[in-house]
Structures are given as structure tokens and as C-alpha cells.
Amino acid sequence: MGLHMITISQLTVFLGWATIINIAYLTLASVMLILMKETIRSIHSRMFDVDENKIGHMYFSFLSNYKVVTMAFFAAPYIALKIMGN
């Protein structure tokens, strides 16, 4: 069994697709929260025994953290690799 390394080109493709998938999820989650805010808020407050007034802040915190992680660990490295020419 030989050691197989991932190439820079493969890493670039992986990061590109991971960025697309993560941004698509972020968009879907945001749209669902906008369109179905009261229903989702009610379900989550009962599931996790959290006050409905705090849920909005928790959603915002989750979406903003998810966006920062997506940009820092997927989009930024992908853009850097594309700039380098891969």
C-alpha cells in the first residue's frame, strides 16, 4: 500500500464544492427562518426548553458563526488557491 497525497488541484476542487454546499445551506437556513419564523421558533423552544424570546438571538448567533467558519475555512482558502493559479 502506497501513500496517496491529495494534490493542490484536488484540494482546490474540494474547497470550491465545500464552499458552495455551505453557502447553499446557510442560504436555505436563512430563508427558512425568514419564511417560517414563528413555526420554527415554537418547535425549537419546545424541543430545547428555551424561551421563545431568546431563540431569535440564538438563530442569529448560529447563522453568523456558521458564516464566519464557512468564509474562514472554506471560501478564503479556495480563493487563495485560485489566486495562486490552481
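Biologist: Which residues form a nonpolar patch on the surface?

Modeller: In general, patches are made of residues with over 30% relative accessible area and no salt bridge, where nonpolar side chains (Val, Leu, Ile, Met, Phe, Trp, Tyr) are joined within 5 Å and like charges within 9 Å; a salt bridge is a side-chain nitrogen of Lys or Arg within 4 Å of a carboxyl oxygen of Asp or Glu. Here Leu-28, Val-31, Met-32, Ile-34, Leu-35 and Met-36 form such a patch, with about 580 Å² of accessible area together (Shrake-Rupley method, 1.4 Å probe, only the protein chains shown counting as cover for residues). This is a predicted model, in which local features need pLDDT of at least 70 and side-chain atom pairs count only at pLDDT 80 or more, while totals for chains, interfaces and linings use all residues. Residues are numbered from 1 along each chain as its sequence is written, and side-chain values use heavy atoms, leaving out hydrogens and water.

Biologist: Is Ile-34 buried or exposed?

Modeller: Buried means under 20% relative accessible area, exposed over 50%, and partly exposed in between (1.4 Å probe, protein chains only). Ile-34 has 66% relative accessibility and therefore counts as exposed.

Biologist: How many aromatic pairs does the structure hold?

Modeller: Rings of Phe, Tyr and Trp (its six-membered ring) pair if their centres lie within 6.5 Å, and planes under 30 degrees apart count as stacked, over 60 as edge-to-face and the rest as tilted. The structure holds 2 such pairs. The ring centres of Phe-62 and Tyr-66 are 5.8 Å apart with planes at 45°, so this pair is tilted. Phe-62 is partly exposed at 39% relative accessible area, and Tyr-66 is partly exposed at 21%. Tyr-25, Phe-62 and Tyr-66 form one aromatic cluster.
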